[in-house]
Amino acid sequence: MDNNKLKKLKGYHVVFLVQNSMVGLGLLSLPNQLSSMGYSQWWLPLMLGIIANLTLIPIIWLFLRYPQDNIFTLNEKMIGKVLGKALNLFLVMYLIIFIASIIEGYLDLIMIIALPDRTITTPLFIFFILLLYVVHGGIKSIARFCVMSFFLTVWMIYFLQWPIFEGDVRHLLPVSNFTLEEFLLATRNGYFAICGYELIMTYFPYIINQKKAFKNASIGIWITILIYTGVTIVSVMYFSEWQMEEVLYPILKLYKAVELSFAERIDVLGISLWVFLILSSAAAYLWVAKKGMDAFRSNNKTYHVYLISICIFIFINIPFSKDTQELIYDNLFYFKFAIILWPNFLILLHAVKSRRKQASS
Amino acid sequence: MNIRIIWLISCSLLLMGCASELKPSAVEDVALVSLIGIDYVDEEDMKVTLAIPQFSSSTEQTNQIYTTQAGMIKEAIVDLSSQADKEIKLNGLRVVLFNEEFATSGKMWEVVEHLYRNPVIGGNVFVVIVKDTAEGLLNGDYPDKPSIVTYMNALLKPKPHIMFSPFTTIHNFMYAHSNPVVDIMVPYLEHKESIVELSGIALFKHDKMEEVYSREEGQIIQMLSGVRKIPAATIPLSSNGEEREEVVIDFLNTEVDYSSNKDVDHPVLDITIKLKGSIYEYRGEKDLSKSSEYSKMEEEVRKFTEEQVEVIIDDLKEKGIDPVGLTENFRMYHHGEWTEEMDQRVLENMEYNLKVEMQILATGTLR
Amino acid sequence: MGLIKMLGKVLEKKVSGQKGKTQPQKQSAKSRSVSLEAIKQMLKDVQDVQYKPIRTSEGLVTLIYYQSFVGTTVLHEMVVNPILRHQETVIHAADKLENDDLSHVLNLITTGYTVIYLHKPNQFYALETFSAESRAIQQTQTESTVIGPQDSFTESFETNLSLIKRRITNADLKNKDYIIGTETNTKVAVLYIEHLVNKEDLDCISQKINGTDYDGFLDISVLKQLIEDHPLSPFPQYNMTVRPDMAMQYLLDGRIVVLMDNSQSVIICPTSFFELFVPMEDYYNRWMTATLLRSLRFFGFFVTIILTPTYISALTYHPELLPFELLLNLQESRDRVPFPPVIEVLFIELVIEILREAGSRMPTKIGQTIGIVGGIVIGTAAVEAGLISNMLVVLVAISALLSFLPSNFLMSNTSRFIRYVFILSAGMFGLYGQMIALAWLFIHLLNLTSLGKPYLAPGIPRKWTDLLDSVLRLPVGLLRFKKGISVVKRNRVSPLDEE
């Protein structure tokens with residue numbers, strides 16, 4: 001019984017945890033992020049999906065060898081206690097900034113579109129209460145919320161039919177009209193929207209059927225990629241190249257094209273409904289940050305999650321200048337990519353250690 | 001336990017915050033601008049006219065009209081707010097009217113872009129061009145219509161018989177403006193005493209309005225753009241002497257197919273138009289129950305349409321305007337950046353082979 | 001969340017606090033030995049109790065019974081006459097009582113037994129003679145259906161048990177009895193079919209019933225509130241019904257039915273959110289009709305909590321959301337209303353609530369009049385007086401009607417309560433607030449459990465056959481699978497710090 005207490009995530013939980021922690025704010029601006037590639041961007045999400053799936057392999061491989069560990073405890077195991085703890089603290093700080101960036105980005109958008117002339121504080125506070133409520137139930141509760149929010153939001157794809165009707169399919173050609181530089185820039189910007197699957201490094205020990213984790217996580221990744229590809233294709237059809245560069249949140253413009261007899265301006269509804277996606281991915285990240293805090297303090301306390309959320313709250317309310325903000329959020333990408341590649345380094349250490357063990361025995 | 005007490009306190013603090021923040025401004029306290037008219041004054045300024053639907057039955061007027069001169073839209077709204085009884089908001093904008101002079105001055109896209117960037121404005125806001133002044137149109141007296149706002153709104157709803165008009169929204173406008181392949185086309189309105197008429201379409205070259213096409217010409221452009229349902233057309237078959245032979249064809253379905261030779265330097269475009277229609281009205285000598293005469297007429301109609309399309313394409317080529325996006329068929333095979341100059345060059349050098357297929361399905365329920 | 005848990009703990013403590021107080025009193029009666037004097041002393045001021053001395057051929061016999069429970073005819077037919085004729089046979093038929101358990105004897109007397117005291121061997125016997133009047137089986141007023149069985153439970157425990165047992169004539173239908181209520185000694189029975197029921201559930205419910213410590217149970221709904229998993233949630237977590245066919249339906253699915261003496265309803269546990277929308281008539285209708293009505297009921301719940309809040313957020317924050325013509329209409333009708341939309345909606349919602357409450361307390365005829373007066377007169381008058389807009393009257397009326405669609409009365413009350421949460425959040429943050437409230441609702445529902453089983457079945461636990469009998473109700477021939485909720489293991493969401 002004790003041994004089984006940890007195991008609580010079923011296959012479909014993993015699918016939707018992966019899927020929902022990927023979809024968040026990133027999707028709203030994806031076609032804009034990829035705009036350096038012009039009309040040829042529409043297949044880029046597919047390629048990003050392949051990259052994501054490839055980087056998933058070492059992650060799963062590593063954790064199958066340490067089925068009881070998450071990335072934080074593994075750090076301590078692999079690179080030593082002091083160094084590991086320092087790294088974990090650093091990771092937690094990074095996560096705090098990252099969650100802050102998601103929430104702030106979303107609420108800024110809400111402020112602009114749905115609730116003009118209001119201050120951010122109260123909606124933010126309400127958001128946090130709800131976020132803590134989700135996280136309070138533990139990873140399984142988060143996973144269930146992810147499943148729920150997927151089905152509550154996925155029907156919004158239906159509204160893309162209006163822009164499809166107005167768009168021009170001929171924009172999809174030519175397929176490869178870009179330079180290497182443009183391609184790399186688009187990949188770098190676009191990968192931000194793909195990130196999120198690496199959280200599996202933390203909830204891996206909770207998965208019941210760890211052997212199938214790779215398959216499930218891949219399904220999650222590809223659901224996301226399919227949605228992303230659909231959205232980018234529609235954007236390419238509907239917009240001109242200039243528009244994709246200039247319009248920060250193309251999805252909202254796509255929703256503005258919808259004409260219904262009983263409601264206009266579906267974009268307001270859409271951005272409000274987006275709270276489900278933001279909540280689920282922020283909850284997953286917050287839970288991970290809490291695990292990091294647990295590992296750092298070497299105990300398991302509920303108040304860590306309050307501590308972290310207060311940090312996030314404060315961070316959001318610090319009035320950074322626009323430049324600093326951009327500097328911080330832009331550089332987050334490199335951390336992100338470092339984290340995704342970090343398991344490769346750990347595998348190296350693992351190989352060295354096991355060889356040493358073999359040699360000694 | 002302590003944390004829970006903190007929770008309790010913070011929640012109650014939060015609710016106190018709500019009380020002060022709940023500033024209700026309900027729908028009746030805002031003036032939702034439905035129409036904006038913009039007229040040309042000089043290089044710097046424009047005349048902005050706002051039409052706001054007046055719901056209250058207590059006043060005679062069915063809408064409020066405000067006019068001011070300003071350099072920018074926002075400036076005008078701030079200015080007009082001091083006259084209005086309510087808070088002016090652009091959330092419910094439906095139509096933006098520009099006068100012809102403003103459109104030819106080349107500043108139009110700046111205004112549209114400003115509206116396009118505003119997040120509270122929807123995407124389905126129509127852009128139209130008015131022959132004389134937008135202010136005159138908005139201030140006009142329309143005794144048999146409820147108000148100018150509902151009138152304009154109803155007029156610009158796509159209906160079968162007015163599909164010659166492109167119904168350009170601000171998105172379409174910005175799309176065409178920023179896309180080197182396509183040029184802007186906008187419905188053209190004329191204000192005639194107590195009515196407003198959709199009299200044609202205005203074609204732009206880059207930023208400036210260049211040409212106004214008639215309804216019939218607009219219809220052909222719509223047909224080339226791939227609109228599937230276009231309105232019925234009157235086709236004169238022969239006009240020798242007194243005896244006029246005419247037929248009104250209701251187009252049931254039109255299809256247009258392009259294929260290019262993918263060569264930018266010697267561009268050749270094959271255009272195939274497939275038309276399906278039924279005869280609405282016929283005046284003439286032919287006995288349509290005979291299949292030979294029937295097919296003869298089919299051929300005549302086909303020929304007439306083909307000639308008309310050729311005239312339009314030649315005209316567009318000559319003027320260097322491309323509202324249809326014919327050059328898109330070359331761009332899609334071209335690697336590298338597609339610039340405005342290239343587009344112009346391709347359009348000028350382009351040869352085309354036009355093929356029209358006509359199929360008249362029925363003569364209606366009566367013989 | 002945290003707050004709710006805290007309150008829950010306080011509640012638990014309060015209940016267990018009473019336990020300590022009442023325990024010693026009981027102990028004293030138990031240790032005393034039984035004698036006629038002792039009984040007389042214990043029942044000193046009970047005027048109801050009768051001591052009837054009868055002299056038979058074998059000696060003096062005293063009958064002790066409650067006059068209100070035991071009818072004269074029954075007494076004479078069952079006890080007096082037989083004793084006078086053949087005392088031995090009566091004694092054989094009666095239960096012999098232990099001489100040292102006074103409280104047991106008292107218990108028997110207070111539940112309608114006649115205690116026979118034979119003076120000669122100084123021995124007590126008891127014979128069940130309970131024959132107090134009880135209500136006849138009638139049609140249900142609250143869960144009536146057009147087709148299907150019309151009988152309903154009454155307040156009599158025995159009748160209720162017989163209504164179920166005559167439907168399932170199977171020795172595997174077990175009932176375990178419990179006596180609860182420190183003062184009232186109320187009888188409770190847990191019914192289940194042995195080979196179908198989930199043993200884990202059974203342990204859980206008996207533990208919960210044994211764990212209750214409460215003075216008196218007015219109705220089974222009190223017990224239900226005490227043994228629910230989340231007493232502070234607005235949602236009812238066990239199903240409650242007065243229809244024997246419903247009890248039977250769920251017994252056959254492996255659920256547990258709890259009966260209580262003196263209460264008309266029975267509770268069914270575990271249950272899911274969805275089942276609270278399903279009346280028995282669904283299974284008697286054709287499947288397409290049933291599916292249509294079911295989806296109406298289910299989606300009606302969400303419409304009723306979202307309709308008027310949407311009015312608020314559209315009018316306060318997002319006027320651009322409305323179609324042009326509707327907007328003009330709304331502006332016109334709102335023009336004379338002096339309050340913001342939130343107040344307007346709260347006002348009219350409360351009026352509706354008052355109407356409903358007033359109507360439900362009145363006799364049927366007056367109640368109808370109040371409904372008409374309230375609905376038509378107040379509605380139109382309020383619009384004409386410029387207190388509310390006419391569009392809102394329509395919306396409120398629709399949402400009030402929709403709130404009565406769930407078959408479970410408690411659920412329809414809940415939907416009305418939830419609506420106020422949505423109204424307030426829409427008033428504060430418009431559509432964003434509504435979505436936040438919706439998210440709260442879903443998280444709450446996801447975290448709820450009914451007897452340890454997830455409440456949001458058939459969403460969780462995932463069992464595909466559940467879908468056949470969910471929003472869809474496929475032909476009955478296909479509904480032969482047990483529900484996921486009756487099968488799965490208990491689902492304990494471990495707190496965050498145990499992970």
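Student: How do you know that strand 2 and strand 4 of chain C pair, and how do they run?

Tutor: This is a predicted model, in which local features need pLDDT of at least 70, side-chain atom pairs count only at pLDDT 80 or more, and totals for chains, interfaces and linings use all residues. Residues are numbered from 1 along each chain as its sequence is written, with chains lettered from A and ligands numbered from 1 in the order in which they are written. Strands are DSSP runs of E of at least two residues, and helices runs of H or I of at least four, numbered from the N terminus. Pairing requires at least two DSSP bridges; 4 bridges join strand 2 (residues 59-66) to strand 4 (residues 113-118) of chain C, so the two are paired, and they run antiparallel. C:Leu63, for instance, has C:Ile116 in strand 4 of chain C as its bridge partner.

Student: What makes strand 1 and strand 3 of chain C edge strands?

Tutor: The open sheet has 5 strands in the order 1-2-4-5-3. Strand 1 (49-56) and strand 3 (95-96) of chain C each have a single partner strand, so one side of each lacks a neighbour in the sheet.

Student: Which residues does A:Leu286 contact beyond its neighbours within four places in sequence?

Tutor: Contact means that C-beta atoms, placed from the backbone, lie within 7 Å. Under that criterion A:Leu286 contacts A:Ile99, A:Leu131, A:Val135, A:Val305, A:Ile308 and A:Ser309.

Student: How many residues of chain C are in contact with chain A?

Tutor: On the chain C side there are 26, in contact with 35 residues of chain A.

Methods. Contact = placed C-beta atoms within 7 Å.
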